[in-house]
Amino acid sequence: MAQHTAVISANAISKYYKVPTREAGLKAAAKSLFSRTFNTVKAVDQISFSIEAGEVVGFLGPNGAGKTTTLKMLSGLLHPTAGQPEVLGFNPVQRNPDFLQQITLVMGNRSWMAWDLPALDSFELQRAIYGIPRAEFEKTRDEFIEILEIGTLVKNPIRNLSLGERMKMEIVTALLHKPRVLFLDEPTIGLDVTMQRRIREFIAQYNQRYGATVLLTSHYMADVEALCKRVIVIHNGRLLFDGGLSQLLQRFSAFKTISFSTFGTSDLGQYGEVVGKEDGRVTLRVPKAAASQVTARLLAEQQVDDLTVEDSPIDDVIEKIFSQKSAEGDLA
Amino acid sequence: MRRHVGFYLAAMKMSILEQFQYRAQNYFYMIGMIAEPIIYLVVWSSVANQQGGSVGGYTAGTFAAYYIVWTLVRNMNIVFTPYGWEWRLQHGRLSAELMRPIHPIHNDVAYFAGWKVVVIVLWLPLAAVLALIFKPSLNPTWLQLVVFFFAIWGAYLIRTMFLSLLGMIAFWTTRVGAIYELYFALELILSGRLVPMTLMPAWVQRVALFLPFQSAFYFPINALVGQLGPVELLSGLGLQLVWILVGVGLVNIVWSRGIKRFSAVGN
């Protein structure tokens with residue numbers, strides 16, 4: 001018998017919405033009272049993947065790609081139109097308490113805590129909801145408070161905290177019961193760079209310490225680069241790529257970036273597109289296929305030092321994939 | 001079961017803490033609410049006085065008792081409304097509640113139960129002032145006091161269940177305000193809120209027997225103010241229990257169908 005090791009699996013899951021549509025104006029509104037027309041929106045269309053225990057996977061896609069809808073199906077909030085999701089051996093839509101006890105869903109920029117009370121009170125409610133033994137609860141709570149450096153904030157009403165501080169509280173609340181599976185939907189959205197880094201570090205620590213499985217959506221590629229070795233890319237509700245982050249860059253990056261220091265003043269435009277020039281350090285963007293040849297020419301013809309060749313920044317690659325796929329209107 | 005008890009205690013405590021944050025607002029809200037029963041009281045007391053001292057067995061004193069107790073029962077009747085259901089669906093609050101290993105209805109019941117504790121504490125001085133002004137005729141027995149205590153909580157649960165049922169229509173229609181207004185009109189007439197049920201036409205009283213409204217309003221008031229014997233008091237509580245169970249059953253059926261319709265778009 002084959003052994004199941006996948007913690008999260010999606011087997012051709014789809015979510016379609018029937019949406020009423022009409023033209024603008026009174027006449028169209030009156031007509032729609034008697035004859036309604038509907039469009040079927042395929043928010044998610046036959047997506048399949050599986051995630052092993054302890055993996056941190058980035059779930060990428062432009063707005064409206066179907067990321068959040070997929071997360072909601074996996075966490076049991078939405079019933080799939082077709083297909084079979086499975087998480088920790090459970091069918092999520094059945095919302096078995098044993099399943100809910102082991103997962104969490106964090107949605108960035110959304111506060112689910114009691115607005116008028118200090119976070120400590122919300123933590124207590126969370127303890128009661130999940131039946132966490134008192135000693136274990138206090139140990140976990142104090143540990144999280146220390147790591148996120150929020151000891152002075154947990155006694156303040158939530159309404160008096162900044163967005164970043166509130167997000168830290170949300171994450172502590174969501175993880176107090178030590179879930180095995182984390183669905184994180186843009187947990188760092190709207191936060192400053194320092195706060196984003198703190199939250200990333202915290203998620204990484206949690207993953208390492210508890211071996212939790214994490215499925216993360218984020219528009220900040222820094223989150224993905226720091227946390228995820230593997231990414232799943234979807235677009236228009238369909239799976240575009242599932243593999244290592246480095247494979248994604250290799251497959252979709254048409255350019256390489258060559259950086260070097262030089263004291264020469266000759267025209268470097270002949271080697272590629274000069275995208276940066278500062279304090280004697282030059283950055284060139286060259287077609288991937290020509291990178292080796294250009295590097296050899298630079299070393300032979302120019303006085304260059306400290307030369308590096310790298311893939312294009314991930315933001316550029318992702319942006320290119322999405323814009324290319326939008327233009328094509330469908331998968332390649 | 002043990003977890004549910006722990007959850008109820010914690011959620012009620014949270015609610016009490018929240019309500020005490022806005023104690024002045026709560027008090028002004030309660031004071032504002034007494035306008036309605038005071039109008040009823042003044043009108044019916046005048047009618048009673050003009051008709052030789054009583055109407056349908058109610059004197060000015062018993063009307064005063066009825067409408068002063070009314071103020072507490074009305075406050076116990078405030079539950080999570082269908083408007084609240086609209087809001088929780090549209091703003092994503094239900095998504096958060098669905099992620100917990102406890103049914104969202106438990107959260108509603110526990111949260112408002114905590115609020116009721118604050119309401120009862122705040123109501124006592126208000127009732128004392130009203131009693132000084134309107135001089136109610138109220139001489140309950142110990143059994144009436146005990147039954148009244150359980151009946152106000154029974155009323156709370158009945159109304160919670162039936163308004164949750166209405167609220168869940170939002171799974172299909174997104175908005176349920178208009179249906180709630182219709183329900184509210186029926187409730188006003190058939191619950192004893194407008195006037196004691198015995199003063200209503202006989203056919204209205206017969207119709208009301210088959211609906212849950214008076215178990216959530218008239219019975220708790222009458223349990224304290226009326227001349228009910230032990231059998232009537234206990235059978236009234238029994239009927240409340242029946243309506244609670246009917247409500248729980250219907251909530252479960254509608255919930256299991258409605259939750260499949262939950263789209264959680266954008267939240």
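Tutor: What follows takes the terms in turn and sets each against its definition. This is a predicted model, in which local features need pLDDT of at least 70 and side-chain atom pairs count only at pLDDT 80 or more, while totals for chains, interfaces and linings use all residues. Residues are numbered from 1 along each chain as its sequence is written, and chains are lettered from A and ligands numbered from 1 in the order in which they are written.

Student: Why is helix α12 of chain B called mostly covered?

Tutor: A residue is buried if 20 or more other C-beta atoms, placed from the backbone, lie within 10 Å of its own, exposed if 12 or fewer, and partly exposed in between. In α12(B), residues 218–225, eight of eight residues are buried, among them B:Tyr218, B:Phe219 and B:Val225. Helices (H or I, at least four residues) and strands (E, at least two) are DSSP runs, numbered from the N terminus. The cover over the buried residues of α12(B) includes α4 (60–76), α8 (142–168) and α13 (230–258) of chain B.

Student: What makes strand β11 of chain A hardly covered?

Tutor: In β11(A), residues 273–278, the count of buried residues among six is zero.

Student: What makes β2 and β4 of chain A edge strands?

Tutor: Three strands form an open antiparallel sheet in the order β2-β1-β4 (chain A). Each of β2 (37–52) and β4 (82–87) has a single partner strand, so one side of each is left without a neighbour in the sheet. Between β1 (residues 6–21) and β2 of chain A there are twelve bridges in the antiparallel sense, and A:Ile8 stands opposite A:Ile51 in β2(A).

Student: How do you know that helix α2 of chain A packs on this sheet?

Tutor: Two residues are in contact if their C-beta atoms, placed from the backbone, lie within 7 Å. Helix α2(A), residues 67–74, touches β1, β2 and β4 of chain A, and its direction makes about 120° with that of β1(A). Axes here are lines fitted to C-alpha atoms, for helices over the stretch in contact, and angles run from 0 to 180 degrees between N-to-C directions.

Student: Which residues have the most contacts inside the largest nonpolar core, and what makes it a core?

Tutor: A nonpolar core is a set of buried Ala, Val, Leu, Ile, Met, Phe, Trp, Tyr and Cys residues joined through C-beta atoms within 7 Å. The largest has 140 residues, and A:Val57 and B:Val69 have the most contacts inside it. Not counting residues up to four places away in sequence, A:Val57 touches residues including A:Ile51, A:Leu215 and A:Ile232. Another core, of nine residues, lies apart from it, with A:Phe260 and A:Leu298 among its members.

Student: How many residues of each chain are in contact across the two chains?

Tutor: By the contact criterion, 24 residues of chain A are in contact with 20 residues of chain B. On the side of chain A that touches chain B, α4(A) gives the most, with six residues.

Notes. Two strands pair if DSSP finds at least two bridges between them.
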